[in-house]
Amino acid sequence: MPRGVRQFDKVRVRALLRAAHEYDAWWVNRRPPRFGDLGTVVELLNGEDGARRFVVECVGADGSTLWLSEFCAEGLLL
């Protein structure tokens, strides 16, 4: 993942590195993220280990949130 990822960039899920239930920290997901899903970076975070983390939202055709999940850089493609 390039270092220049910014808020509101479009990203694609490249890998799911945790169990599905661990991607629903905010209890809003209608379904877990899937490989290949397209989403928007809504927040940039610094993890406890100093690594950059990304909060990504994926919306359905009607504009409602399908999932809101936190990813490490290895899990996403810009």
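This is a predicted model: local features need pLDDT of at least 70, side-chain atom pairs count only at pLDDT 80 or more; totals for chains, interfaces and linings use all residues.

Q: Which strands does β2 pair with, and in what direction do they run?

A: Pairing is read from the bridges between two strands; at least two are needed. Here, β1 (residues 10–13) and β2 (residues 38–46) are joined by 3 bridges and run antiparallel. Strand β3 (residues 52–59) is also antiparallel to β2, with 6 bridges between them.

Q: How many residues separate β2 from β3 in the hairpin, and which turn residue has a positive phi?

A: The hairpin has 5 residues between its two strands, and G50 in the turn shows a positive phi of about 90°.

Q: Where does D37 lie, and is D37 buried or exposed?

A: Burial is judged by relative accessible area, with buried meaning under 20%. D37 sits in the loop that links β1 and β2. Its relative accessible area is 11%, so D37 is buried.

Q: What surrounds D37, and which side chain makes a polar contact with the side chain of D37?

A: Beyond its neighbours within four places in sequence, D37 touches V11, R12 and V13, together with R31, P32 and W67. The polar contact is with the side chain of R31, at 2.9 Å.

Q: How far apart in space are D37 and E48?

A: These two residues, 11 apart in sequence, lie 26 Å apart from C-alpha to C-alpha.

Notes: Residues are numbered from 1 along each chain as its sequence is written. Side-chain values use heavy atoms; hydrogens and water are left out. Helices (H or I, at least four residues) and strands (E, at least two) are DSSP runs, numbered from the N terminus. Buried means under 20% relative accessible area, exposed over 50%, partly exposed in between (1.4 Å probe, protein chains only). Contact means heavy atoms within 4.5 Å. A polar contact is a pair of N or O atoms within 3.5 Å; within protein, one must be able to donate a hydrogen and the other to accept it, and residues adjacent in sequence count only if both atoms are side-chain atoms.
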